[in-house]
Amino acid sequence: LRQSIAEVRPHYMVLVPRVFEMFREGMLARIDGERFLSRTAFRWALAAGKSCCERAQAGAAVPPVLELRRRVADRLVFGNIRKALGLDRLKFFVSGGAPISRATAEFFCSMGFSILEGYGLTETSPLVAVNRPGSVRFGTVGFPVKGVEVKIAPDGEILVRGPNVMLGYHNRPGETGDVIGPDGWFRTGDIGAFDEEGYLRIIDRKKSLIVLANGKKVAPQPIESLLLESPYIGQVMLVGDNVSTVSALIVPAFERVRERLREDGTKGDPDNGGLVKAPGVNRLIRSEIQRLTADLAEFERVRRFTLLDHEFSVESGELTPTLKIRRNVVAERYRDAIARMHA
């Protein structure tokens with residue numbers, strides 16, 4: 001992909017969140033290996049870009065001094081990075097297929113890249129809503145596209161009606177009737193909500209909701225996105241149906257964790273199997289979980305976790321072609337580990 005980007009120098013790119021996350025992880029790891037002056041310049045530039053992004057998200061004006069700092073950072077640091085990557089002509093990215101974490105969206109925004117997160121399904125041809133250039137709101141999929149109606153059912157499910165909605169599933173009238181009512185509203189199977197400004201926020205798949213033993217319902221995707229803000233967590237899947245607490249299967253960001261171990265003075269370079277068993281790694285991941293989920297409700301906090309020594313992949317059947325986790329496959333494959341967490 002990096003070679004193709006350098007050759008094409010695209011104006012627009014449509015990607016899934018996992019690719020953005022891998023780009024961010026790789027960029028941060030590469031910067032960590034640079035000389036002190038390069039690391040310092042990049043972090044200074046990133047801080048300037050982040051401040052501008054935060055103000056834009058809050059609808060506040062950017063002070064002239066901060067704007068000048070951002071322009072200097074862009075000219076001296078980010079402009080060179082974009083050119084080296086072949087992204088100097090890029091107008092914006094589009095992200096879809098799964099929620100993108102706020103940390104990832106903020107990282108790209110800080111570097112001067114705009115990610116327009118959108119939402120849709122095959123049954124809706126596919127676009128339902130998308131952020132617009134100049135009016136991006138992190139954590140949302142923007143406004144419904146022209147001509148498409150969107151409303152929220154009493155149980156929180158997103159309903160869609162418009163010319164983009166399919167006529168039905170081929171030769172499956174029963175299944176069609178299950179998702180399209182006589183009034184033409186299509187039941188998406190996703191839980192969502194509109195904010196006060198009309199931006200649509202996707203909470204989770206209706207069937208993905210975790211129902212705890214006490215009846216509390218937990219939407220895993222927002223919590224997983226929070227945890228992915230950690231530079232030391234590469235992949236994560238929450239579990240907890242019919243038990244008292246939420247637990248997680250976690251794939252560490254192996255290279256970043258190794259770098260952290262070296263910084264802490266740990267000798268040797270363990271393979272993935274040895275790394276996930278290291279006490280220091282367990283403590284590191286636990287502290288990251290506690291840091292990132294401190295503001296969640298008590299019943300939403302991850303109490304137990306298991307570290308896995310390999311990534312989920314498409315080849316193993318654990319990821320879809322768009323790199324979303326196949327929850328039922330992963331739950332079955334690691335049922336013993338899940339059982340131990342809930343014992």
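**Exercise 1. How many residues lie between E3 and E4 in their hairpin, and which residue in the turn has a positive phi?**

Solution. The model is predicted, so take each step as a reading of that model.

- Step 1: Find the turn. Six residues separate E3 and E4 in the hairpin, and serine 125 in the turn has a positive phi of about 65°.
- Step 2: Look at the pairing. Three bridges link E3 and E4 in the antiparallel sense.
- Step 3: Pick out one bridge. Glycine 118 has valine 130 as its bridge partner in E4.

**Exercise 2. What is the strand order in the open sheet of four strands, and which strands stand at its edges?**

Solution. 

- Step 1: The order is E6-E7-E8-E9, and the pairing is antiparallel.
- Step 2: Strand E6 (149-152) and strand E9 (200-205) stand at the edges; each has a single partner strand, so one side of each is left without a neighbour in the sheet.
- Step 3: From one strand to the next, the twist averages 50°.
- Step 4: Strand E8 (residues 186-194) and E9 run antiparallel, joined by five bridges. Among the paired residues, aspartate 190 has arginine 205 in E9 as its bridge partner.

**Exercise 3. Describe the largest nonpolar core and the surroundings of leucine 238.**

Solution. 

- Step 1: This core has 38 residues, and those touching the most other members are Val236, Leu238, Leu249, Ile250, Ile285 and Val302.
- Step 2: Trace where the members come from. Elements that each supply at least two residues include helix H7 (220-227), strand E12 (233-239), strand E13 (246-252) and helix H10 (279-292).
- Step 3: Set aside neighbours within four places in sequence. The contacts of leucine 238 then include Ile210, Ile223, Leu227, Val246, Val302 and Arg327.
- Step 4: Apart from this core lies another, of 26 residues, with Leu15, Val16, Phe20 and Leu87 among them.

**Exercise 4. Is glutamine 221 buried or exposed?**

Solution. 

- Step 1: Locate glutamine 221: it is in helix H7.
- Step 2: Apply the cut-off. Buried means under 20% relative accessible area, and glutamine 221 has 18% relative accessibility, so it counts as buried.
- Step 3: List its contacts beyond four places in sequence: Pro99, Ile203, Asp204 and Arg327.
- Step 4: Compare sequence with space. Glutamine 221 and isoleucine 100 are 121 residues apart in sequence, with 9.9 Å from C-alpha to C-alpha.

**Exercise 5. How many cavities of 30 Å³ or more does the structure hold, and which residues line the largest?**

Solution. 

- Step 1: There are two such cavities.

Notes: Residues numbered from 1 in each chain as written. Predicted model: local features only at pLDDT ≥ 70, side-chain atom pairs only at ≥ 80, totals over all residues. Heavy atoms only, no water. Core = buried A, V, L, I, M, F, W, Y, C linked by side-chain atoms within 4.5 Å. Buried < 20%, exposed > 50% of the residue type's maximum accessible area, 1.4 Å probe, protein only. Contact = heavy atoms within 4.5 Å. Pairing = 2+ DSSP bridges. Axes fitted to C-alpha atoms, helices over the stretch in contact; angles between N-to-C directions. 1 Å grid on protein atoms, 1.4 Å probe; cavity = no way out; pocket = protein on both sides within 12 Å on 5 of 7 lines; lining within 4 Å. Points joined across faces, edges and corners; volume = space filled by probe spheres on them.
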